[in-house]
Each structure stands twice: as structure tokens, then as C-alpha cells.
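Let's take a walk through a protein model together, one stop at a time. Keep the sequence and the picture side by side as you read.

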Amino acid sequence: MNNQYENLNFGNGIISLEMMIIAIFIGAVLAAFAAVYNKRILGNFVWTLLKSGINSKENAKTIYELKFQKNPFLRAALREGSVFRRIVHFAEEDDEGAEGKRGKKPAINFKTARFYIPEELRIRAEIRYHRKGTDWLTFTLSVIIFAILAIGVYYILPELLTMLDNLITEIKPEPNYI
């Protein structure tokens, strides 16, 4: 795909058209994985809390009680300041109130930390972590489709660009030398 075009310019010497196609492919795969990660890996925890009616500090449960202790992705998502924590609340967070050294909150002890989804966030959680259409089979099929599209674009795009370049050459006005 090292065609030189008279009227078209792609890339800047550092980034080629091939690299752009590969970057778009990688971005699409990462986006598909992010959807599965959010809807399935984190969503399973959300749906367990919702179905169990865990909607207040009083009935909050630990990840051990909910059988999620072996999920490292969930632990990472439950860390302080994560987007996931806007939905899933830490029952002891308000109770502690005290900040540790240098103004930092103490690290979460996952053996005793209890989590819940407040009732006022239930609908938001149901919508954000709705699982329909997002599973590992869909992810795999998406990657295959993205790969086929990327390969097709890789081979077809140069031909289309050559045709476009030729069309522009034919229709552009001749320079008027006086």
C-alpha cells in the first residue's frame, strides 16, 4: 500500500495508512472487550447485588459472602475513585470518615468491606450493566468481523484511492498560465 497519489496525501512520514488501519482495528477490538468487561465481568457483581436486594448499608455484603473473592478485575474496579464506585457503594466509607496519613483514605480490606447499590441508583445500574447482546461469543464474532473488514480495507482501499486520485486529476482545471 505504498502508492503515491498525485492529489491525495495520507500519513505524515511517521504514520502510514497501514498503521491507521491497524490502529482502528485494535481500537475496535479494545472497545468490544471493554463492553464485555463492563457488562459481564463487572456486571455480574452488579446484577448479584440487584437481584439480592442489597440496596443499603444495613444489608451490604462482602465480596466473600457474594462469592466474588477470586475476581481480580472486580477488586481493581472497587478501588477508591473508580467509575464503578459511582454505582457500587462501600458501606463503611461514610462510617469511617477518618482519613489516613497525608489525607488519604485507608486501603479497602476486601475481607471485611461491605458493598451495596443504593436504591436511587438501581435503575441507572440496570441500564448501564444490561447484559443483552454482550457476551464472549459476540466479542469473538466481533473480532473476526473487524479482522475481515481490516483485511478488506487494507487490500481494497488502495484501489479506491487510486480511482479517486485519477478522477480528481481528470476533473481538476488546468493551471492558467498567462
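Our first stop is Thr62, which is buried because its relative accessible area is 9%; buried means under 20% relative accessible area, exposed over 50%, and partly exposed in between, using a 1.4 Å probe and protein chains only. You will find Thr62 in the loop between helix 1 and helix 2. Leaving aside residues up to four places away in sequence, Thr62 touches Lys111, Thr112, Ala113 and Arg114, where a contact means heavy atoms within 4.5 Å.

Before going on, a word about what you are looking at. This is a predicted model, in which local features need pLDDT of at least 70 and side-chain atom pairs count only at pLDDT 80 or more, while totals for chains, interfaces and linings use all residues. Residues are numbered from 1 along each chain as its sequence is written, and side-chain values use heavy atoms, with hydrogens and water left out.

How confident is the predictor? The score is pLDDT, the predictor's confidence in each residue, from 0 to 100. The mean pLDDT of the protein is 86, and 89% of its residues reach 70 or more. Confidence is highest in strand 2, at 95, and lowest in helix 3 (residues 91-96), at a mean of 67. Over residues 97-102 the pLDDT stays under 50, and the model has 5 contacts beyond four places in sequence for this stretch.

Now for the overall plan. The protein has 5 helices and 2 strands; helices (H or I, at least four residues) and strands (E, at least two) are DSSP runs, numbered from the N terminus. Reading along the sequence gives the pattern α-α-β-α-β-α-α. Of the 178 residues in the protein, 29% are buried. Among contacts between residues at least 6 apart in sequence, 76% join residues at least 24 apart.

Follow helix 1 next. Its 35 residues should span 51 Å at 1.5 Å a residue, and its end C-alpha atoms are 48 Å apart, which agrees; the expected span is 1.5 Å times one less than the number of residues. Helix 1 also has a kink of about 55 degrees, centred on Gly43, where the bend at a residue is the angle between axes fitted to the seven residues ending there and the seven starting there. After helix 1 comes Gly53, with a positive phi near 70 degrees. Ile24 is part of helix 1 and counts as exposed because its relative accessibility is 63%. Although Ile24 and Phe146 are 122 residues apart in sequence, their C-alpha atoms are 9.3 Å apart in space.

Let's look inside. The largest nonpolar core has 30 residues, and those with the most contacts inside it are Phe45, Leu78, Phe84, Val88, Phe115 and Ile117. Helix 1 (17-51), helix 2 (72-77) and strand 2 (115-116) each supply at least two residues of this core, and the largest share, 8 residues, comes from helix 1. Such a core is a set of buried Ala, Val, Leu, Ile, Met, Phe, Trp, Tyr and Cys residues joined through side-chain atoms within 4.5 Å. Phe115 touches residues including Phe45, Leu78, Val88 and Ile108, not counting residues up to four places away in sequence.

Which aromatic rings pair up? A search of the whole structure finds 11 aromatic pairs. One of them joins Phe45 and Phe68 edge-to-face, at 5.2 Å centre to centre and 85 degrees between the planes. This pair links distant parts of the chain, with Phe45 in helix 1 and Phe68 in the loop between helix 1 and helix 2, 23 residues apart. Both Phe45 and Phe68 are buried. Rings of Phe, Tyr and Trp (its six-membered ring) pair if their centres lie within 6.5 Å; planes under 30 degrees apart count as stacked, over 60 as edge-to-face and the rest as tilted. Ring pairs also link Phe33, Tyr37, Phe73, Trp136 and Phe139 into a cluster.

Our last stop is Glu6, in the segment before helix 1. Glu6 is exposed because its relative accessible area is 56%. Along the chain, Glu6 and Thr169 are 163 residues apart, yet their C-alpha atoms are separated by 7.7 Å. Not counting residues up to four places away in sequence, Glu6 touches Asp165, Thr169 and Lys172.
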